[in-house]
Amino acid sequence: MKEIREQDRALASQIQAFRHDMHRFPELSNQEFETTEKIRAALTDAGIRILDLPLKTGLVAEVGEASGPLVVVRSDIDALPIEEESGVEFTSERAGVMHACGHDFHTSAALGAAILLQQQAASLKGRVRILFQAAEETGLGAPDLIATGALDEAAVIFGIHNDPTLPVGVVGGKEGALTAGVDRFEIKIAAKGAHAAKPHEGNDPIVIVGQIISAVQTLISRNVPSDQNAVVSITQIHSGSTWNVIPDTAYMEGTVRTFSAEARALIEQRFRALLDGLAAAFGANIEFLWHAGPPSVVNTPEWVDFALEQASDVGFEARRIEASPIGEDFAFYQQKIPGTFMMVGSGGPWALHHPKFRVDDKALFPTAQYLAQLAVNALNKLA
């Protein structure tokens, strides 16, 4: 990465201080009231206009004039219900809440980009809209923001996510599917309890649980082509309360990750059919609840090439990367307009959503510069 110029050092220090404060006072999805007001104050101090949109939390800023194309840059602002163990000096002061996914990094970089864009607003060949989106972790923040009309008239959208598996100084991108479609399922089994010594007098839901655990693996191995990736994981099982009683009920929960709409639909269909068959075979009632989350992030090839080229121009090493089974509600924006979601190296070693997760501050200001240059040169390309 390039050295920070003397004239940029004050802004670099400002957004680093902003990030540290945001990290110290994290807020969960749809509760980001203080965070929103701090962003608003920083934007107002920089003379950046804020759109009047019906948002509970989060906000949208805009730089440039109405004539010409509209480019969108997106960041996210919410934290996770995790007790921090990172050991940083600016550790969370809110028990059980932590920026364990780096949204404080994303927000501060977008703030820096907005200020850099404001400094050259008179020369922009259109407008740049900067989204400070709430509730990414619930998967519902992007649809709420889209409903306000924030993407109306936009030609392209850019987003970034820090990646602890990449070293600082690297930006990674991939055309097509980058992240997975994310769905959650619940299975509720109602059978018949009995004395553990007389299982024939009941209908054991734990036996049914065992059959489900084995059978669901065939949803991938016998339905999804071997050259495609998909995952079914059962993450919770609850049944029974003591050692000598067969319970009446059992509960299971888990997630499905897919990279194509076809695989996503097929797995849900086959999952339902499998459970219907097991319910009939065991004479039990099995309720299946499917909670659809964000679809797969699918990057537009033209804009991936563009974003990698811009990364090289600001001093990053640009790499082609592999898809990841994480979820990301940026995908909802891409259902409306073309764009690309890029990964920025944050240094590791701890993974996203880990209590010890941390981001290297050295990546912050270069990422702000990168986002600003993406927007400027996208306007130039579209004008």
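# Reading terms against values in a predicted model

Mentor: His161 lies in strand β5 (residues 156–163); helices (H or I, at least four residues) and strands (E, at least two) are DSSP runs, numbered from the N terminus. This is a predicted model, in which local features need pLDDT of at least 70, side-chain atom pairs count only at pLDDT 80 or more, and totals for chains, interfaces and linings use all residues. Residues are numbered from 1 along each chain as its sequence is written, and side-chain values use heavy atoms, with hydrogens and water left out.

Trainee: Why does His161 count as buried?

Mentor: Buried means under 20% relative accessible area, exposed over 50%, and partly exposed in between (1.4 Å probe, protein chains only). His161 has 3% relative accessibility and therefore counts as buried.

Trainee: Which residues does His161 touch, not counting residues up to four places away in sequence?

Mentor: Contact means heavy atoms within 4.5 Å. With that exclusion, His161 touches Cys101, His103, His106, Glu328, Phe341, Met342, Met343, Val344 and Leu352.

Trainee: What makes strand β8 (residues 181–190) mostly covered?

Mentor: Seven of the ten residues of β8 are buried.

Trainee: How do you know that β8 pairs with β12 (residues 249–258)?

Mentor: Two strands pair if DSSP finds at least two bridges between them. Ten bridges join β8 to β12, and the two run antiparallel; within this pair, Lys188 stands opposite Tyr251. With β13 (residues 285–292), β8 pairs over eight bridges, also in the antiparallel sense. There Glu186 has Leu289 as its bridge partner, and Ile187 stands opposite Phe288.

Trainee: What is the order of the strands in the open sheet, and what makes β10 and β13 its edge strands?

Mentor: The four strands are ordered β10-β12-β8-β13, with antiparallel pairing. β10 (230–238) and β13 are the edge strands, as each pairs on one side only. On average, neighbouring strands of this sheet are turned by 20 degrees against each other, direction ignored.

Trainee: Where does helix α5 pack?

Mentor: α5 packs on the sheet and touches β8, β10, β12 and β13, its direction making about 10 degrees with that of β12. Helix α7 lies across β8, β10, β12 and β13 and runs at about 165 degrees to β13.

Trainee: Why are α5 and α7 called roughly antiparallel?

Mentor: Axes are lines fitted to C-alpha atoms, for helices over the stretch in contact, and angles run from 0 to 180 degrees between N-to-C directions. Angles under 35 degrees count as roughly parallel, over 145 as roughly antiparallel, 65 to 115 as roughly perpendicular and the rest as oblique. The axes of α5 (residues 205–216) and α7 (residues 261–282) come within 11 Å and cross at roughly 150 degrees; the two helices are therefore roughly antiparallel to each other.

Trainee: Which residues of α5 and α7 meet?

Mentor: Val207, Ile208, Gln211, Ile212, Ala215 and Val216 in α5 meet Phe271, Leu274, Leu275, Leu278 and Phe282 in α7. The residues of this contact divide into ten nonpolar, one polar and no charged (Ala, Val, Leu, Ile, Met, Phe, Trp, Tyr, Cys and Pro count as nonpolar, Asp, Glu, Lys and Arg as charged, and the others, Gly among them, as polar).

Trainee: What makes helix α3 oblique to helix α10?

Mentor: The axes of α3 (residues 103–119) and α10 (residues 364–382) come within 8 Å and cross at roughly 55 degrees, which makes α3 oblique to α10. The residues of their contact divide into 13 nonpolar, four polar and no charged.
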